[in-house]
Each structure stands twice: as C-alpha cells, then as structure tokens.
Amino acid sequence: MEWETKTVDGVLVVRLKGELDLNTCDVLRTELERLLKLYNTPHLILNLSDVTFVDSSGLGVILGRYRQLTEEKKRLVVVALQPQVKRAFELSGLLRVIRTYASEDEAVAGVSKEVTA
Amino acid sequence: MASANQFKLEFKSRPENVGFARVVVAAFATQIDFTLSDVEDIKGAISEAVTNAVIHGYGNDPDGTITIHGAIYDGQLEVIVEDHGVGIENIPQALQPGFSTVPDRLGLGFSFMQSFMDTIEVRSQPGRGTRVIMTKRVPRRADHAEQGLS
C-alpha cells in the first residue's frame, strides 16, 4: 500500500495505490488519522483509481473515517472505483452512503460546491 | 466424475498471508474457464475466509495454522479454508450481515463469501476450529456471452 497526498482548494486529496485488506488496513487507518489531524481540512477525497483490490477490512477503514468526518460535519468522498472495488462498495452498501466521483476535479468541485451552498 | 485436480496450502495466521492465499487460489482457479470477474470474486471470498481465521479463529495470534484445500472437478472450484482456533459458538448469528464481535469491523465477511461464491457451508466446533467450504461453478457459455456484452 502506497499513498500520495496533496491539497486542492483547501481539500485534502489522498491517492491510494495497491490492495486494501487486513495486512494494510491498520497502516491506512493510522495514516489517514495522522493526515486528517495534520492538514485539518474540511473534507477528504480518497482517490482509489490505483486500488486494485478491497475487502471488508479495507471497507471498514473507509467507513470508519467517513463516520468520523461526518460527526465533525466534514465530508469524505471517493474517486475512480475500479470494477472489483466498485463491486465491494455495492455489496457492502457503502455505494449508497459515500458519494463517488469519476475524477478528482469533479470531486473537488463537488465538495467545494456543497461548502459554499 | 472426472478426477479432480487439487492442492493443499498451509500457512501461518499472519495478515500478510491473506493476500498470498487469495493469489494462490485465484491462480489455481484460472485452470478452468472462469471470467476475470469470477476470479476477482474468488479472491474476495478467500480474503474474507482467511481474514476471519486470522482475527476471529486465532484472535490475531500469528502462530496459528490455516489450511486451504482447493479442488477442481466437474467444472467447479471447491475451496476449504480451515483453522484450529476458537471456533464459532453460534453459526447462524455469525452469518448475519453486520454481526461482528470486533469493534470497527463491518461484519460482512460471510455475506461477501455468500455473494462471491455459489455455495458456502460453515462447520465449527467451539475450541476445535472452523471449516468453511465454498464452491463456485464456471458459468455456462451463454452466460459468458451475456457478460461480455454487458
């Protein structure tokens, strides 16, 4: 599991690469919590375009951060779900809960619009 | 019945072996005519079964032993994931979507296995361990064609 981080228009964008399972979920949870504290931005965009596999352990980490941010009146959205990842999101019901976008640009525009709305 | 091709894989209950196990079973499954989507489903089911063995069966003890038996016969894949951990007291409860004994987990492991495979059977004895038996059949050719169009 690798990741790249940047901020776009005040929104934290984390681009993940690799497979999200039991072996990587603890590292991911710790890293996302560290980044959220460090940047303290209103929203988090997770770009999953280079995530090739996710199981319920990985989904648990994403849902956990979604709940945490929602409690803080912040948002988490995801970008570019690959077919296996999309299927796991669908089966778990996360697709109905977490907003998805096709690209980072659309996601940044989407969350920024909601902030100003 | 045609003679079965089969394998047996034994490994420690360590998180890094979850990915190892799903890749081995996926490679074995490609010997019959599964679609790429089927193989992804098989990987997902193995990931959930092995994860359950690591965190529930052995309570994250990395020195437990997990065994996977795989077989291909009559156009289907059969996989048995077995641990010798604590076992499951209440199997119907464990199979309920959203049920988990561990906080911060979705409790969807068995639901995913049921969705990804054609059949799943769970046998367990408290204190003795758990055996999950899953099968998946290669779709008929006509189904393949339909999937290709979608």
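In chain A, residues 24 or more positions apart account for 70% of the contacts with a separation of 6 or more, where contact means heavy atoms within 4.5 Å. The model is a predicted one, in which local features need pLDDT of at least 70 and side-chain atom pairs count only at pLDDT 80 or more, while totals for chains, interfaces and linings use all residues. Residues are numbered from 1 along each chain as its sequence is written, chains are lettered from A in the order in which they are written, and side-chain values use heavy atoms, with hydrogens and water left out.

Chain A has five helices and five strands, which are DSSP runs numbered from the N terminus, helices being H or I with at least four residues and strands E with at least two. Read from the N terminus, these elements follow the order β-β-α-β-α-β-α-α-β-α. The radius of gyration of chain A, at 13 Å, is close to the 13 Å that the globule rule gives for 117 residues, so the chain is as compact as a globular protein of that length; the radius is taken over C-alpha atoms, and the rule is 2.2 Å times the number of residues to the power 0.38. Of the 117 residues in chain A, 52% are buried, a term that stands for under 20% relative accessible area, with exposed meaning over 50% and partly exposed in between (1.4 Å probe, protein chains only).

The largest nonpolar core has 69 residues, of which Leu46(A), Leu48(A), Val50(B) and Ile68(B) touch the most other members; such a core is a set of buried Ala, Val, Leu, Ile, Met, Phe, Trp, Tyr and Cys residues joined through side-chain atoms within 4.5 Å. Helix H2 of chain B, residues 36-57, gives the most to this core, with nine residues. Leaving aside neighbours within four places in sequence, Val50(B) is in contact with Phe11(B), Val18(B), Ala21(B), Ile66(B), Ile68(B) and Val81(B).

Gln76(B), in strand E3 (residues 76-83), counts as buried at 11% relative accessibility, and, not counting residues up to four places away in sequence, Gln76(B) touches Ile32(B), Ala71(B), Thr135(B), Lys136(B) and Arg137(B). Lys12(B), in strand E1 (residues 5-12), is partly exposed, with a relative accessible area of 38%, and beyond its neighbours within four places in sequence Lys12(B) is in contact with Asn17(B), Pro62(B), Asp63(B) and Gly64(B).
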